[in-house]
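Subject: Handing over the model

Hi there,

Here is the structure I promised to pass on to you. Please open it alongside this note and tell me what you make of it.

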Amino acid sequence: MLASPTLRLCCAPATVLAALVVGACASADVPTDVTADVPPSAPPDTTFADGDRVRHPDAARLVAQDPLWARALALHFDALVMDGHIDTPSLMLDDGYALGDRHDAATSHVDLPRMVEGGLDAPFFSIYVSRAYGERRDAVERAMAMIDVVEQQVAALPGAEIARSADDVRRITADGRKAILMGLEGGHATRGRVDVLEALAARGVRYVTLTHSNTNSFADASTDSARWGGLNDTGRDLVRAMNRLGVVVDLSHVSDSTFYDALEVTTVPVMLSHSSCGALYRHPRNVSDDMLRALARNGGVVMINFYATYLGAGRVTVETVLDQIEHAARVAGVDHVGLGSDFDGVDRLPEGLEDATRLPWITYGLLKRGWSEQDVRKVLGLNALRVLEAAGAASASRE
Ligand SMILES: [Zn+2]
């Protein structure tokens, strides 16, 4: 989520729809009755079930254009696709946005019908608390209210369920439903208190960004002045508490010093839920190659942010995102890269990645660049799932 109070979402051209073919793939990950996920208000022609095959009306054209699309679509809809950071809950709480209704890319980036169409299986929904709340009590109330609305809407959707663990993600997605994870964006909303962290974890929050754009009472942010030179003792205690509670330490938004301090303290792999590589484009929100190597030693995952402002000054396309993924994989290793779109939190997305329906183009693009199917699966979701699983396992082992 941007710090800016008003979102101006980019206008996408009337791009072709993207819920595409799943070849003859009858794997458990493929929705067997995808129409059940699509509410009556959705256009009837975007997806349809054909036995165990899910097709998109435009698939034939894509495959005719390049036969590689057949492999890409089969792989994409078979793979677990996760996303480290989606800001749709802010729309749900503030605008009464209905997750189950279909919207277009000029309005928003994610809803359940478009998750189905784009093959997005398990996104982290951002429980975002603006820095304007500071560390007041109502920062916690704001987070809890957003969790309430996510829970209420998801409970009413047969095609989705809240996930609290890697096992939940596997179980929910096994029959084609969508697993909704939650992460807190804005460490200030913990008020620097372990009891608040415990309350958030009890509600299902599975990561916390130690900061948002603002330096807070325990950690420095990448886009604010340094007050602690990284993490102070309270921040270190919070990192230890997160390890104990099975809450992933999310180091997107923190300063470089906070990043290294947190890696000193954590005994569990961390996440950068929505961060890109500074070697390709210098921006305080991006991470250096040295940070990528440190992340790899920790066993964590960097989930590449699609926000065009972090990716380049000129024209930014899906190829720019693929360059980012390849760079991170080269420096950190392919086991440490994922996707963290920042959908519904940003005002400028790459051409060709205008909303969640465009995710198959990532899979196609990586195959086109010669990636193995197994490596593509890692980036799409397996790496993030591993980190989520490690956090849960570390927590369970202490009980
Ligand atoms: Zn953010």
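This is a predicted model: local features need pLDDT of at least 70, side-chain atom pairs count only at pLDDT 80 or more; totals for chains, interfaces and linings use all residues.

Below is what I found, going from the whole chain to single residues.

Residues are numbered from 1 along each chain as its sequence is written.

**Overview**

The protein has 14 helices and 11 strands; these are DSSP runs numbered from the N terminus, with helices being H or I of at least four residues and strands E of at least two. Of its 399 residues, 55% are buried. Here buried stands for 20 or more other C-beta atoms within 10 Å of a residue's own, exposed for 12 or fewer, and partly exposed for anything in between, with C-beta atoms placed from the backbone. Among contacts with a separation of 6 or more, 76% join residues 24 or more positions apart; a contact has the two C-beta atoms, placed from the backbone, within 7 Å.

The largest nonpolar core holds 113 residues, and Val 247, Val 302 and Ala 328 touch the most other members. Such a core is a set of buried Ala, Val, Leu, Ile, Met, Phe, Trp, Tyr and Cys residues joined through C-beta atoms within 7 Å. Leaving aside neighbours within four places in sequence, Ala 328 is in contact with Cys 277, Leu 292, Val 302, Ile 304 and Val 337.

The axes of α10 (residues 289-298) and α12 (residues 318-332) come within 8 Å and cross at roughly 60°, with axes fitted to C-alpha atoms over the stretch in contact and angles running from 0 to 180 degrees between N-to-C directions. The two helices are therefore oblique to each other; under 35 degrees counts as roughly parallel, over 145 as roughly antiparallel, 65 to 115 as roughly perpendicular and the rest as oblique. On the α10 side, Asp 289, Leu 292, Arg 293, Leu 295 and Ala 296 make the contact, and on the α12 side Ala 328, Val 331 and Ala 332.

Helix α9 (residues 256-265) is another partner of α10: their axes come within 11 Å and cross at roughly 20°. That makes the pair roughly parallel, and this crossing is left-handed. Here Asp 256, Phe 259, Tyr 260 and Leu 263 of α9 meet Met 291, Ala 294 and Asn 298 of α10.

**Helix α3**

In α3 (residues 88-95), Thr 88, Pro 89, Ser 90, Leu 91 and Met 92 are buried. Their cover includes β3 (82-86), β4 (122-128) and α5 (137-155). After the helix comes Gly 96, with a positive phi near 65°.

**Two residues to look at**

Arg 191 is not a glycine, yet its phi is positive, about 60°. It sits in the loop between β6 (178-185) and α7 (194-202), and counts as partly exposed because it has 19 C-beta neighbours inside 10 Å. Asp 344, also not a glycine, has a positive phi of about 65°. Its loop runs between β11 (337-339) and α13 (360-368), and Asp 344 is buried, with 27 other C-beta atoms within 10 Å.

Best wishes

Note on methods:
A crossing is left-handed if the near helix is turned anticlockwise from the far one by less than a right angle, and right-handed if clockwise.
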